[in-house]
Amino acid sequence: MLRRTFISQFSTYSCLKKEVATNIKGKKKTAQDWIKRQISDPYIKSTRYHNFRCRSAFKLIQIDEKYGILQPGHVVIDCGAAPGGWCQVAAVRTNSNQKQASLPVGKVIGVDLIRPAPIDGVTFLAPCDFSNPKTQEKIIEILNGDKADVVLSDMTPNVSGVNECDHDQLVDLLIIFIRFAVMTTKINGACLLKVRDGKRSPELENYLRKFYQIVKVVKPDASRQDSSEFYLLARDFKGIKMNKLDPT
């Protein structure tokens with residue numbers, strides 16, 4: 001019953017009626033196509049309805065509804081947190097915003113190079129680079145002897161337009177993220193990271209399997225079907241041996 005109450009607060013089926021684009025005559029075709037996609041996207045409308053900061057909040061909601069990775073009392077670190085949509089979801093699901101008096105209170109830490117606007121129940125470290133040792137020291141200080149139950153990444157580095165180069169840049173960033181995650185995660189904890197399909201994608205999956213018992217490829221309904229993005233969900237963290245940090 002408690003889980004159902006949490007789900008109903010951010011129902012992915014609220015306000016999902018499609019709209020039709022109007023007043024686009026005279027605009028370039030690329031602009032027309034973008035406007036049509038935005039207006040016809042039911043998650044854009046539902047994002048406004050629920051006061052989420054970005055439509056990707058629904059991706060995390062859908063993954064959590066299926067796999068239950070966020071629980072009241074959990075400690076969560078969100079890398080690349082801006083503008084804060086995932087932190088909004090995590091604050092409710094972990095009860096870090098203390099809205100559910102009868103449930104354990106969690107902790108949500110958001111890290112980003114851009115400073116998001118404040119969110120109740122979220123501690124933001126920004127502008128900060130999660131891979132910087134000084135940032136990691138700050139995170140450890142906030143954890144106060146604890147470790148994370150879940151480490152998240154919905155990061156996308158600045159794109160050059162050259163697919164192969166952009167893919168390599170993302171994979172290199174995510175290898176750094178995985179190294180960070182395994183250093184800050186509790187035994188049996190989890191991490192979730194966004195990936196774009198490419199020749200090095202299996203490299204990330206294989207690297208995760210060194211540290212986690214279960215690694216799944218997931219693509220929530222809120223991910224656009226024509227997008228190359230998918231998520232890797234790694235669960236049941238096994239612990240770390242220093243020689244396993246080398247991804248090769």
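This is a short tour of a predicted model, stop by stop. Residues are numbered from 1 along each chain as its sequence is written, and side-chain values use heavy atoms, with hydrogens and water left out. Local features need pLDDT of at least 70, side-chain atom pairs count only at pLDDT 80 or more, and totals for chains, interfaces and linings use all residues.

**Stop 1: two helices.** Select residues 57–67, helix α4, and residues 85–93, helix α5. Helices here are DSSP runs of H or I, at least four residues, numbered from the N terminus. The two axes come within 8 Å and cross at roughly 35°. Axes are lines fitted to C-alpha atoms over the stretch in contact, and angles run from 0 to 180 degrees between N-to-C directions.

Now show the side chains. On α4, the contact (heavy atoms within 4.5 Å) is made by A57, L60, I61, D64 and E65. On α5, pick G85, W86, V89 and R93.

Stop 2: Select C87. Is C87 buried or exposed? C87 is buried, at 0% relative accessibility. Buried means under 20% relative accessible area, exposed over 50%, and partly exposed in between (1.4 Å probe, protein chains only). Next, C165 is partly exposed at 47%. A search of the whole structure finds zero disulfides, meaning pairs of cysteine sulfur atoms within 2.5 Å.

**Stop 3: helix α7.** Select residues 163–184. Buried residues in α7 include D166, H167, L170 and F177.

**Stop 4: a loop.** Go to Q100, in the loop between α5 and β2 (107–111). Q100 is partly exposed, at 24% relative accessibility.

Note on methods:
The expected span of a helix is 1.5 Å times one less than its number of residues.
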